[in-house]
Amino acid sequence: MDKLLIRGGRSLHGAVQISGAKNAALPELCAALLTAEPVTLHNVPQLQDVSTMLKLLRSMGATAERSADLSDAVTINAGSVDKPEAAYELVKTMRASILALGPLLARFGHARVSLPGGCAIGSRPVDQHIKGLQAMGAQIVVDHGYIEAKAQRLRGARITTDMVTVTGTENLLMAATLADGETILENAAEEPEVLDLAALLISMGARIEGQGTRRIRIQGVDRLHAPAQAHRIIPDRIEAGTFLCAVAAAGGDVMLDGANADHLDALIDKLREAGVLIESGDGWIKVRASARPKAVGFRTSEYPAFPTDMQAQFMAVNCIAEGAATISETIFENRYMHVNELVRLGARIAVDGHMAVVTGVPRLSGATVMATDLRASASLVIAGLVAEGETMVERIYHLDRGYDRMEHKLRGLGADIERLK
């Protein structure tokens with residue numbers, strides 16, 4: 001199992017290219033199931049989760065290949081899909097596999113999808129997906145770990161989810177594009193990845209209004225087609241945010257190329273409060289940090305508030321900041337698993353339920369730590385960059401699920417980091 005060895009104490013300098021968004025790529029790969037025509041996506045990141053999704057699509061009978069001359073381009077042709085099923089062996093490592101349910105049911109009238117796995121950061125039930133599809137006329141049975149769904153043709157409905165759910169919004173949005181009549185999604189997620197998915201679907205012939213608000217209106221059509229032009233996936237705001245936090249902690253001067261600051265307002269505001277200098281323009285963010293950051297408290301919530309996917313990374317910044325800060329995690333009930341590992345590096349963190357109080361220390365010390373989930377692994381890398389001596393981060397397969405060659409990018413900025421087998 002691969003590990004990362006980090007020798008801390010180096011500031012970061014230079015430029016880094018931000019990859020396409022994982023959380024946009026995965027639903028958009030599934031959206032290709034909605035048409036029999038080939039769909040080409042550009043700016044597809046090289047991640048383990050993307051590889052798993054491509055395997056899943058192939059297991060259904062689709063072709064899904066990266067371009068030989070453009071490594072970030074992927075073409076999916078679902079014209080030959082003959083097995084609308086997502087098997088447990090592929091689904092168990094990646095929760096986003098549930099996103100195949102809506103497109104398969106809408107286009108083929110039936111689907112069999114294993115209940116998903118992924119990071120063990122807390123309960124993320126799929127009942128909102130099921131509830132919405134049932135409102136659209138689907139007959140659904142959950143049996144032996146599989147969701148089995150049937151519908152001669154989905155029909156439009158008004159659906160109000162009990163909570164804001166990104167994957168639920170995306171699944172129901174995709175299903176509604178081929179439903180009979182109008183579907184209205186209330187309490188919809190507003191994340192940039194939802195807007196990007198809607199943009200792709202509209203380019204395929206879908207009729208969608210209101211994306212980016214709490215109410216999305218979809219008028220179903222009989223069929224979708226390939227986009228006239230290849231769709232380019234938006235930059236990964238969480239990867240960009242992770243590099244912003246890395247510079248805030250380690251110090252330095254870094255240009256993030258291909259990043260979109262408009263997707264990171266809440267995080268950037270908090271980093272500026274911590275004393276970090278940030279400038280931005282069209283397709284770039286420049287970050288500078290020359291002094292120890294100030295501790296800053298925050299509360300995670302749905303977009304456009306502070307993202308739960310940046311909680312662990314910002315906690316790592318607070319670990320070496322001046323002062324103390326309180327963090328409130330409101331999205332997932334088990335998303336403090338990185339705390340014990342940060343404490344192994346010398347951090348001072350006290351957890352009480354969904355609250356964590358971080359008291360900054362002048363320095364961390366290297367140790368062997370274990371990644372427990374995707375974003376936790378990024379927080380340990382950031383902590384390792386500033387810790388004295390050597391830090392070994394184990395179980396980095398979590399990191400590979402969501403970061404495109406992270407150690408390669410950090411080495412390009414001057415970090416002393418290497419992957420060990």
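My entries follow in that order.

Before starting, I noted that this is a predicted model: local features need pLDDT of at least 70, side-chain atom pairs count only at pLDDT 80 or more, and totals for chains, interfaces and linings use all residues. Residues are numbered from 1 along each chain as its sequence is written, and side-chain values use heavy atoms, with hydrogens and water left out.

**Cysteines.** I looked for disulfides (a pair of cysteine sulfur atoms within 2.5 Å). I found zero. Cys319 is in no disulfide, and its nearest cysteine sulfur, that of Cys245, is 12 Å away. Next I checked burial (buried is under 20% relative accessible area, exposed over 50%, partly exposed in between, with a 1.4 Å probe and protein chains only). Cys319 is buried, at 0%. Cys30 is also buried, with a relative accessible area of 0%.

**Two helices.** Helices here are DSSP runs (H or I, at least four residues), numbered from the N terminus. I took α5 (residues 127–135) and α6 (residues 166–176). Their axes, lines fitted to C-alpha atoms over the stretch in contact, with angles from 0 to 180 degrees between N-to-C directions, come within 9 Å and cross at roughly 25°. The two are therefore roughly parallel (angles under 35 degrees). Which residues of α5 make the contact? I listed Gln128, His129, Gly132 and Leu133. Contact means heavy atoms within 4.5 Å.

**One lysine.** Lys409 sits in helix α14 (residues 406–412). Is Lys409 buried or exposed? Lys409 counts as buried, at 11% relative accessibility. Leaving aside neighbours within four places in sequence, its contacts include Glu239, Phe243 and Asp404.

Conventions: Parallel < 35°, antiparallel > 145°, perpendicular 65-115°, else oblique.
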